[in-house]
Amino acid sequence: MSKQRKTILIIIAVIFVSIVLFFNEIVQLVVNYQWLSEVGYEQVFIREITTRLLLGGISFVVSLFLYYLYFFFLKKSYYKNIGSYHIGVTEKRINQIVLLFSAALSFITAMTISSRLWLSYLTFINAQSFNIADPIFNNDISFYIFKLPFIKEVLGITITLLFMLLTTSFLLYLTLLTLRKPTLYGTSENTGANTIRFKSSLFTDATRVAMKQLATVGFVFFIILAINYYLASFSLLHSQKGVVSGAGYTDIAIILNVYRIQMIFAVLGAIAFIVAYAKKNLKIAAVGPIALIVTSIIGALIVGGVQRFVVEPNEIAKEQPFIEHNIEFTLRAHGLDNVETIDFPAKEGTLNREVLLRNDATIRNIRINDYRPTLQAYNQLQAIRLYYRFTDVDIDRYKIDGELTQVFLSPREMDVERLSQPAQTWINRHLKYTHGFGIVLSQVNEITPEGQPKMKIRNIPPVSDIDIVIERPEIYFGELTNQYIIVNTGEKEFSYPLGGDNVERMFTGAAGIRLNGLNRLLYSYYKRTLKLMLSGSVTADSRIVFNRNIMERVNNIAPFIQYDEDPYIVINDGRLFWIIDGYTTSSLYPYSTPFVRGGVNYIRNSVKVVIDAYNGDTSFYIADENDPIIMTYNKVFPDLFQPLDNMKEGLRAHLRHPQDLFDIQAQVFRLYHMTNPRVFYNQEDVWYIAREMYYGSQQETESQYMVKKLVGEEEEEFTLSVAFTPKEINNLTAILIARNDGEHLGDLKLYRMPKDRNVYGPMQIEARIDSDAQISKSLTLWGEGGSTVIRGNLLAIPIEDSILYVEPIYIQASAENSIPEVQKIIVAYDGMIVMEDTLEIALEKIFGSKKPEIVVGPEEEQVEEEDAQNEEVAEEIADLTVSQLIEKASTIYDKATQAMAAGDWASYGKYIEELGKVLNALSVNEDN
């Protein structure tokens, strides 16, 4: 066989083996490209693949050259120092073996670098500045977020590869010992005669060879160690050893200098390896490691001594500047550095009916229902069929009849796992039952006479009692759409039930990948089913739609973004859309205390994702252009994100500050509202999330979305708020509020309560409810006989300069699957507390009835005119004598008779009424 032909066969064999070994990975790669192309984000895929190929290709070529050079000199050293003879193996074959070792190690190096470094490399070279410098080293924050992690990752990979290099060197030695046996005979220096070489001589020769390799690897290792000690200095800004996160007094005064000394000793240790090899003395190589160990021990002793005898006796003075750094950077990292603080008077006795009328939109949107019982009601009353399910209730606001109105709404999704067992066929799961249908919407302030949510949009097809219409109610993409489907098949899809029949339709959207050509075979293998290949319903025009779960969908497109676990549904232009909040996070922000799992100490809601529930169109919008992390990703993936201005106005009206982010900010702010370092150190003014009674037990109050008018604003708006109380005290100390509308999205306000008097907090109101004899008696009575009394969320509602408390009371029957029903509403204000059937009655009990506005129209004007005439008649007859009254009565009677004869019944009635008054006056005079 010719050499050329042999080479071609080897290449073909390598390609075939590679395809067999990596077949699943190749299939996944093709599927990923096709899917990302279908959703319009193939550039994300191309950027990742090209970067990986670039990094992998360069690292493979460079490392192949270096590894081959290293192994080549290792082989020469072996020949030179040990001497050898071959056993039927040519030098060319040995060189091929050396090349194989080099190629194998280079492949591992390239795969490791391309898989672990591609994204951090892209963010490293595209890093955007924070324009904020750390207070110790004066580096921009971007150095810690983007550059330092990349450098550390490179060093970590290098150390791993060094150990692999040592292992591979050992394996190569074993190979050489097998193929090139050490010479057993040597030449005598005195006589020139052949002599037997002893094992000790062979050991010495082997040691000489190993020394050179050890010196090379040891030198590189200690240089890397020196760099690591240098970089460890920057990691002090994330230290958790002091009174706060970040470097403290001991870190900067002692540990930083210890790292610098260790860095110097590491460099000296690297040099010691070279000297040890040159002088053939292994003991010299031990100088570096010993020096580092001694430095570590002495450093630890000094650190302990300084902390105990210098810092602890005067800790606040020593740590004060570092506490200041921690407060400043923690607030910045969590978006709390621009909270507007307002001294809220929380006055008593100033809230009256006039104030309520001025804040009518706030009163109309007071939530008297809770999302948990509402979810139960939706599933019991509106699921309609077993396979439909409501998984969550979203809270939003809509303009209904021109008024800002807070609502509950929830999508009716298809859960194919709930299909009956006989219906669990491949066709039903993937071709027939493909989508959910419609939503349910109810206002938060309205209930039925039975105490259940009053549904404004309901049923299948959707019936709407308001000026919001749903024209495209199908939900092909949602939270329960976990299975792939095939559309445009010979099988019509189930759309919705109608009486005893089912309405069937075909999908008219553009989503999906065509199953023509090899695609049908590809996806049969990918989904591990022959039914897709063999089904007669699937044609070349059919399309497979997968990654329909909206969370799975966004994570497959942009996995480097963290996504909120609570997506919400929105109605716009008659269609349904999902909105998902995306976060950029980091655990590397200097001096910031982490409050999230995984050590995350920086977070921004920088991304809003919109997904069309029917067609699956997915759009990513940048919500915070001041966030350097998202702007870095935007530079890395220029075709992925859009400016927020590109979002439809109807969708932008439903953006909100995420509850999860707000809850994190509330946890941070309950400590970090204390900006005085001494007050912070002593924890003198720690706040706690207020507590309430819910379902019969205490819990922290949840942050609540509300429509209300903020201090200094002219109109009501959609807000998110949570109340704070002092440590171990239940009075209200502050309310943190996030704004959600328009240009104020994400702005934070703090209502700080007066400190010179008590302002009732939620648990104090709950205690007053329990101590009210009538309310307590009623709650106890309702709880007898098996029914359960459920106390809903206690809402603290700021209205102008006062706080109004509202809490719904639910009754749940003991019967299985019974729905909690709102039976009473408790309202508390200024020492008064009432429980009534409705919110309006409760407000009337405290603030009095509404005074109806008098609108004067033509009929009312006539009534007023008649009243004036009657008053004139009364004044006229008041002073008449009896004879005059008799005469007047006769005159009026004649006029009435004439009016009757003329058919003028209006005048007749007027005269008869006037006659009655005269006769009454005559009767009074006769009595007198």
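Aspartate 415 is buried, with a relative accessible area of 10%. Here, buried means under 20% relative accessible area, exposed over 50% and partly exposed in between (1.4 Å probe, protein chains only). The model is predicted: local features need pLDDT of at least 70, side-chain atom pairs count only at pLDDT 80 or more, and totals for chains, interfaces and linings use all residues. Residues are numbered from 1 along each chain as its sequence is written, and side-chain values use heavy atoms, with hydrogens and water left out.

The side chain of aspartate 415 meets that of arginine 418 in a salt bridge, at 3.8 Å from N to O. A salt bridge is a side-chain nitrogen of Lys or Arg within 4 Å of a carboxyl oxygen of Asp or Glu. Arginine 418 is partly exposed, at 35% relative accessible area. Across the whole structure, a search finds 37 salt bridges. Side chains of opposite charge can pair when their charged atoms come close.

Lysine 432 and glutamate 504 form another salt bridge through their side chains, at 2.7 Å from N to O. Lysine 432 lies in helix H14 (residues 426-432) and glutamate 504 in strand E17 (residues 501-505), so the pair ties together parts 72 residues apart in sequence. Helices (H or I, at least four residues) and strands (E, at least two) are DSSP runs, numbered from the N terminus. Lysine 432 is buried, at 12% relative accessibility. Glutamate 504 is partly exposed, at 36%.

A salt bridge also joins the side chains of glutamate 474 and arginine 505, at 3.8 Å from N to O. This pair links distant parts of the chain: glutamate 474 is in strand E14 (residues 474-475) and arginine 505 in strand E17, 31 residues apart. Glutamate 474 is buried, with a relative accessible area of 5%. Arginine 505 is partly exposed, at 41%. Elsewhere, a network of salt bridges links Arg367, Asp370, Arg372 and Glu702.

The largest nonpolar core has 123 residues, and Ile571, Phe620, Leu640 and Phe641 touch the most other members. Helix H5 (residues 141-179) gives the most to this core, with 17 residues. A nonpolar core is a set of buried Ala, Val, Leu, Ile, Met, Phe, Trp, Tyr and Cys residues joined through side-chain atoms within 4.5 Å. Phenylalanine 620 touches residues including Tyr41, Val554, Ile557, Leu640 and Phe641, with residues up to four places away in sequence not counted. Contact means heavy atoms within 4.5 Å. A second, separate core of 42 residues includes Leu336, Val440, Ala738 and Leu750.
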